[in-house]
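Please open the model in your viewer and keep the selection panel at hand. The stops below say what to select next and what is there.

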Amino acid sequence: SNPFEVKVNRQKFDILGRKTKNDVGLPGVSRSKAIKKRNQTLLKEYKEREKTNVFKDKRFGEYNTKITPEEKMIRRFTLERQQNYGKKNIYNLNEDEELTHYGQSLAEIEKLNDIVDSDSDTEERGTLSAELTAAHFGGGGGLLRKKVSSEQQDEEEEKPKSRKELIEEMIAKSKQEKQERQTRRESALELTEKLDKDWKEIQTLIARKTPKSERKDKEVEKPKPDEYDMIVRELGFEMKAKPSERLKTEEELAKEEQARLQKLEADRLRRMRGIDEEANKKRPSHMSADDLADGFILDKDDRRLLSYKDGKINIENEEEKGEEGEEEEEEGEEEGEEGDNENEEESQEESASEDEEDDAADGHSDLESDLESEGEAAENKEEKKHEANENESQNVEKLDPKREAAKSELPYTFAVPESYETFKSLLAGRTIEQQLIILERIQKCNHPSLAVGNKAKLEKLFGFLLEYIGELATLDLPELRTIDKLVLPLYNLCQMFPEAASDSIRFILRDAAHDLEEVIEVKGRATLPGLDTLIYLKIVSLLFPTSDFWHPVVTPAFMYMSQLLTKCRITTLQDVIKGLFICCLFLEYVSLSRRFVPELINFLLGILHISLPKSQAQGYTVVHPFTPVGKNLELLLVCDKEDLKSWEKQNVPLSIVTRLKEASRTEINHTRLSCLALCFDLIKKCSALYESLPSFHEIMHPVRIVLTQHIPVNEYPEKMQEWYHSALRELENKVKHYTPLICEKKKPVPLKQYTPKIVKVLEFGRKQAGSKKEQERKQLIQRHKRELKGAIREIRKDNQYLARMQLSEIMDRDAARKRKVKELLGSLATQEGEWKAMKRKKWKN
């Protein structure tokens, strides 16, 4: 053995008592033994894999007498196809079965032996002339010789024709045959057309008309059409879908709207200035007596249909049609404000020049050219000018009412106001409908897509509109209906510019919260804000989504309202109404998110507290801003029995805050009862909103105690008792959807002992000692892993060995095939050489 092939397994450390295996080994010996063993076992099985020593009759149904011979043949054929379907070797492409069509092999059909000439007749399909086959496929000079008569044979032998001449003759002959076939085909077509014409002439004489009796019988015998045929015909006659017009973009719509408003504004300005449309129309040019009207063009068909009514000519319809045409012409004109002035000046100049031309044409006749005619022409000019001035003065008098109507109309185009004062003056003295129209036209005429600076201008408009709404809310008689209508343009502007709108409202809320903090720092307590701030909080819920987890506008508004309900003292009835309004806003904010608001429940409990007499306001706790003792304790208490009887349930309007000072005692008591009814309604809504909370009963427990034990229900009117019972029923009917929280039970703490605590230190890298069963189990697991790895290794080596054997077989086959091909090519080459030698001998002879 070669000493350089000896493998030595050296150990890093010599350990006493450890046995070592295979210190020295020869790698080639074990490998040769394994190959020898596989040659004796695996190779033998591989070579004999398809060989059997026993002959078995595996024909299907051979010994089954119950199956007919036809069924046997069919089933055998299917089994044969199934066996051949899965290839033995997927990489061998030569095992495809032979496909047939009507008994002929598809492989032979694909060879295209039967070549069809498109110009040849069907009878001569697939046939070639003898000369063509001899020239292209004969391969010899003797076959290329032209066949001649016996007399010229000697001359041909002496002077044979060249290959080029023979091919040219052959081409000429094929062209001649092709032309003959074409003429025969054309003559056949002409004969068929002539026969068709003759047949049509004779067919009319041969046709026999059936009598009416037979026709009726045939009509009766006609079958009814099938439902399917009827449906197919209906589908055939249905209207097909047509492509609809393209939807216009926002920019295109804005441009069209701007153009429409500009046209209407120009029309209004023209009417306001008293400009007649007929004056702008060009008069027809003067026509002399000798004009032949060569350039006359009929613009439109002015002919009218002659109609009679009650035996008389109908003239009214004609007049109506004329008026309608004039109105359409008036509507179809599009002129701007500047364009109107220019058109007026141009039309006046043109009319003056035309008058002068007309007068000049009238003054000069074609036959006379004296001075008298010039004098007459000057007189005619003065007369016509005087008449024109009189007509203008009359038109001005007639157009005065139209001017007034045009002045009273709203302009159709507006510029965006640059300051709040101009914005306020623009809306001052207008009705709410006119204000909405003005705001709409401002938005349409100054759309952001029409000019570059329009976006910034409309963003300012949003702030002006917010300030205007706040000013309307701070009036002595707040115009809430006007504010309600102005929310729509405010919403449209917010959708166009959400960032600017959110910044404007956040600025208002930040100022309100800052003022509240300053007042609390100075005085220690604060009052509820004015009506404008409450309306802003309501507008926030209309413009922005209130169900988001966090929102840059809604979340600060939410925090500000919670501060109002906890830090503002309730001292007057106006404060109660404002607080209940904020509670309604809270429910509107959390209607989708169902977010719990503790300030809301606390405020409703406080409202119930201030509606009780002092003697019954005990047994529960009240949280700030309400106090258990004080002068404002009986703020909603009503003791007058007449007021209790005359009370009727009605909504509490927000505008009542400014009218309570002038109200009578009865009205004030009715307002107190309405506030208490609203409180019952809010409690009912809160119980329906928060019923899914785990701690619902604990949250509403103080409210339930006040309702059941402290409120004097019997003293209230019947309608108030109905509201009370409905709220109480809503609270008591809620089922507990949870189990109360219980502290986890812990194990008792053991007494401290002085025995040492022994902690086992694990030695990583060594097998830890354990019980005997555990050790045996670990050993089994280790052996299983070792055996599994060895089996996988042997399977891989067997597969590699078989792959090598298959590769060697393929290489042997390929080498044998190459050898046979070389032998065939060599034999063909020798045959070719012998044939060429024989041919040379013939030429020499």
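Axes here are lines fitted to C-alpha atoms, for helices over the stretch in contact, and angles run from 0 to 180 degrees between N-to-C directions. Helices (H or I, at least four residues) and strands (E, at least two) are DSSP runs, numbered from the N terminus. This is a predicted model, in which local features need pLDDT of at least 70 and side-chain atom pairs count only at pLDDT 80 or more, while totals for chains, interfaces and linings use all residues. Residues are numbered from 1 along each chain as its sequence is written, and side-chain values use heavy atoms, with hydrogens and water left out.

Of its 845 residues, 24% count as buried, where buried means under 20% relative accessible area, exposed over 50% and partly exposed in between (1.4 Å probe, protein chains only).

Next, select residues 432-445, which are helix 17, together with residues 454-473, which are helix 18; the two pack at an angle of about 165°, with their axes 11 Å apart. Helix 17 and helix 18 are therefore roughly antiparallel, since angles under 35 degrees count as roughly parallel, over 145 as roughly antiparallel, 65 to 115 as roughly perpendicular and the rest as oblique. Show the side chains of Gln435, Leu439, Ile442 and Gln443 in helix 17, which meet Leu458, Leu461, Leu465 and Tyr468 in helix 18; contact means heavy atoms within 4.5 Å. The residues of this contact divide into six nonpolar, two polar and no charged, with Ala, Val, Leu, Ile, Met, Phe, Trp, Tyr, Cys and Pro counted as nonpolar, Asp, Glu, Lys and Arg as charged, and the others, Gly among them, as polar.

Now move to Lys485, in helix 19 (residues 480-496). At 48% relative accessibility, Lys485 counts as partly exposed. Which residues does Lys485 touch, not counting those up to four places away in sequence? They are Ile432 and Leu436. The C-alpha atoms of Lys485 and Glu433 are separated by 8.7 Å, although these residues are 52 apart along the chain.

Finally, select helix 28 (residues 701-710) and helix 29 (residues 718-732), which pack at an angle of about 135°, with their axes 11 Å apart. Helix 28 and helix 29 are therefore oblique to each other. Val703, Arg704, Leu707 and Thr708 of helix 28 make the contact with Tyr724, Leu728, Leu731 and Glu732 of helix 29, and by class this contact has five nonpolar, one polar and two charged residues.
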